[in-house]
Amino acid sequence: MDYNLCSYNELKKLLIPYGFNFSKALGQNFIIDSNVCPSMVEMLGADKETGVVEVGPGVGVLTKELCKAAKRVVAIELDERLYPVLAKTLEDYDNFELVKGDVMKLDLKELIEEKFSDCSVVKVCANLPYYITSPVIMSLLESELPITEIEVMVQREAAERLCAEVGSRNAGAVSVAVEYYGESEILFNVGRECFLPSPKVDSSVIKITLHKEPRYDVKNEKRFFSLVRAAFAQRRKTLVNSISNTMGISKTKIVEALESMGHNANVRAEQLKMEELVSLSDLLFD
């Protein structure tokens, strides 16, 4: 049966028999605008050779559109209450598979290799709950997964931070990770009225196209990201104080490294470009 999952009345009628109530703890806001998901799938560029991993399918609004376009869709859902609902709303799609569990605890590399061996490319697409946006994206970027793109809907403020140019005021540790691993862009904005229940903030859809080869030559990647996290951990403090307080490196060594790069001791993390953060890491951990 083809359910209209963007209809408030039909959605309510579908969920009532299962005693489903929206969970604030899980950040559940389902899309009820019929234009949003088709636009996401079109911009994802999925075709019959594409495998798609979806995180948090909800009742399957985005999932249905993905199934129409892609070769295979594997959706990861934590909320057990939604399992019978998804079995019903996606019963007509034989290219859909539900994986029950927490995306942060699953071995995604193993899952992708197992489920998408016959797909030419694999992409990630999701309407992410606000509370796990950064952890999920960081996990996707750092896990060396065989994926080419990440397209997600997130809180608008988070989208601006994720896509911020390193060296600008909005940039943070997650902005550095995004720029390190790929090219990002904000595709379009989505108003709060497009969700049920309506959140207090608007959203944006972003795309991260991953680099095929490393763009930056970092001597020690693990230490580089430790440095980045430390640098942005105390945004009101200078870069010298943030790194010294968090990593225990002497202030003298940090100041000398910065001065050799043309910066003074009062510079803040948000003022350094990507190449400068890489140079600072190499100087401190040579």
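Guide: Lys 253, Ile 254, Ala 257, Leu 258 and Ser 260 in α11 meet Leu 280, Leu 283 and Leu 284 in α12. By class, this contact of α11 with α12 comprises 6 nonpolar residues, 1 polar and 1 charged. Please keep in mind throughout that the model is predicted.

Visitor: At what angle do α11 and α12 pack, and how far apart are their axes?

Guide: Helix α11 covers residues 251-260 and helix α12 residues 274-284; they pack at an angle of about 135°, with their axes 10 Å apart. The crossing of α11 and α12 is right-handed.

Visitor: Helix α12 also meets α9. How are α9 and α12 oriented to each other?

Guide: The axes of α9 and α12 come within 10 Å and cross at roughly 115°. The two helices are therefore roughly perpendicular to each other. Their crossing is right-handed. On the α9 side the contact is made by Arg 223, Phe 224, Leu 227 and Phe 232, and on the α12 side by Met 274, Leu 277, Val 278, Leu 280, Ser 281 and Leu 284. These residues divide into 8 nonpolar, 1 polar and 1 charged.

Visitor: Which residues make the contact between α9 and α10?

Guide: I shall give the geometry before the residues. Helix α9 (residues 221-233) and helix α10 (residues 239-247) have axes that come within 7 Å and cross at roughly 120°. This pair is therefore oblique. The crossing of α9 and α10 is right-handed. From α9, the contact involves Ser 226, Leu 227, Ala 230, Ala 231 and Ala 233; from α10, it involves Leu 239, Ser 242, Ile 243, Thr 246 and Met 247.

Visitor: Which residues line the second largest cavity?

Guide: The second largest cavity, with about 30 Å³ of space, is lined by Val 53, Val 55, Val 103, Leu 108, Ile 112, Val 124, Leu 140 and Leu 145. Its lining divides into 8 nonpolar residues, no polar and no charged. Strand β2 (50-55) and helix α5 (108-115) each supply at least two residues of this lining.

Visitor: And for the second largest pocket, which residues are the closest to its centre?

Guide: The second largest pocket has a volume of about 390 Å³. It is lined by 16 residues, of which Leu 141, Tyr 181, Leu 210, His 211 and Lys 212 are the closest to its centre. Helices α6 (133-142) and α8 (173-181) each supply at least two residues of the lining, and α6 provides the largest share, 3 residues. By class, the lining of the second largest pocket has 8 nonpolar, 2 polar and 6 charged residues.

Visitor: Finally, how should I read the backbone, and where is the cis peptide bond?

Guide: Most residues other than glycine have a negative phi, and most peptide bonds are trans. In this model a cis peptide bond joins Leu 196 and Pro 197, with omega about -15°. Pro 197 lies in the loop between β8 (195-196) and β9 (203-210).

Visitor: What is the value of phi at Glu 144, and where is this residue placed?

Guide: Phi of Glu 144 is near 55°, a positive value in a residue other than glycine. Glu 144 is placed in the loop between α6 and β6 (149-155).

Definitions and conventions:
Residues are numbered from 1 along each chain as its sequence is written. This is a predicted model: local features need pLDDT of at least 70, side-chain atom pairs count only at pLDDT 80 or more; totals for chains, interfaces and linings use all residues. Side-chain values use heavy atoms; hydrogens and water are left out. Axes are lines fitted to C-alpha atoms, for helices over the stretch in contact, and angles run from 0 to 180 degrees between N-to-C directions. Helices (H or I, at least four residues) and strands (E, at least two) are DSSP runs, numbered from the N terminus. Angles under 35 degrees count as roughly parallel, over 145 as roughly antiparallel, 65 to 115 as roughly perpendicular and the rest as oblique. A crossing is left-handed if the near helix is turned anticlockwise from the far one by less than a right angle, and right-handed if clockwise. Contact means heavy atoms within 4.5 Å. Ala, Val, Leu, Ile, Met, Phe, Trp, Tyr, Cys and Pro count as nonpolar, Asp, Glu, Lys and Arg as charged, and the others, Gly among them, as polar. On a 1 Å grid over the protein atoms alone, a cavity is a set of points where a 1.4 Å probe fits but cannot get out, and a pocket is an open set with protein on both sides within 12 Å along at least five of seven lines; lining residues have an atom within 4 Å of a point. Grid points are joined across faces, edges and corners, and a volume is the space filled by probe spheres set on the points.
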